[in-house]
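The following exercises concern one structure, shown below. Each task is followed by a stepwise solution.

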Amino acid sequence: MAEDTQRNFRSVYYEKVGFRGVEEKKSLEILLKDDPLGILPPHHESHAQVMMCRKEQYTDVLHALKVIRFVSDSTPQVDVYLRMYQLESGTLPRSPSFPLEPEDEVFLAIAKAMEEMVEDNVDCYWLIRCFVSQLNNKFRDSLPQLPKAFEQYLNLEDSRLLNHMKMCSAVTKLPYDLWFQKCFAGCLPESSLQRVWDKVISGSCKILVFVAVEILLTFKIKVMALNNAEKITKFLENIPQDSSDAIVSKAIDLWHKHCGTPVHSV
């Protein structure tokens, strides 16, 4: 009876959206161990085999890069991930000395953040690979629209703040690349970033807009005191880290306020 209660999906969902009282970790552990639920992928007994294949693929690609001298044992791990991704996607440059493309900088930022979250190199690479692929494919058309959506929702929440930034010519110079292309990698600390990326992975890149809006609302007094675009942008690129958890929580509230229950809203 107790286990049936803990398997109740509504209870887990209510906990997710802020209604406390459910021991989420215990509930999820029971769900993940329970075969009859039909939630885990079929043939879960093959998971070990799949992971072994992924490890072999990782090893083979890494070996190939060492043979052609694109990486060595002293190459930083995030650079190794980048070269592996380039080789697998057919974008490896002719020489490791070639300058990085903007998409490479995005990859490295995400890789550095993911490296803080995942200890195993193989797991880390596959998570980065899948995350970046989702950004490049599923959200390819949505990401360029996020600055416009940001301006729209900030206007709804605080038009005076938006007007101040327009007067300072700051709106077009905000760190949209950091916020939307890099998904706040390098801006938010690991614990906060995980909560944002969880929403992105589950199907909504629009959460990024509300995190950006909430950053502006949280630091409204500071931003209003700055009178030029460069100072505003510099501050927003290096926001105080101790406010990040509260910012993400409020951003999720804004997300639900404006989008209802945006389970898979892009």
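**Exercise 1.** Which residues of α7 are buried?

*Solution.* The model is predicted, so local features need pLDDT of at least 70 and side-chain atom pairs count only at pLDDT 80 or more, while totals for chains, interfaces and linings use all residues. Residues are numbered from 1 along each chain as its sequence is written, and side-chain values use heavy atoms, without hydrogens and water.

Step 1. Helices are DSSP runs (H or I, at least four residues), numbered from the N terminus; α7 comprises residues 121-136.

Step 2. Taking buried as under 20% relative accessible area (1.4 Å probe, protein chains only), one finds V122, C124, Y125, W126, I128, F131, V132, Q134 and L135.

Step 3. Among the elements covering these residues of α7 are α4 (47-67), α6 (102-117) and α11 (190-201).

**Exercise 2.** Where in the chain is confidence lowest, and where highest?

*Solution.* Step 1. By pLDDT (the predictor's confidence in each residue, from 0 to 100), the chain averages 86.

Step 1. The lowest mean, 45, belongs to helix α1 (residues 2-6), and the highest, 98, to α12.

Terms used:
Helices (H or I, at least four residues) and strands (E, at least two) are DSSP runs, numbered from the N terminus. The expected span of a helix is 1.5 Å times one less than its number of residues. Buried means under 20% relative accessible area, exposed over 50%, partly exposed in between (1.4 Å probe, protein chains only). Contact means heavy atoms within 4.5 Å.
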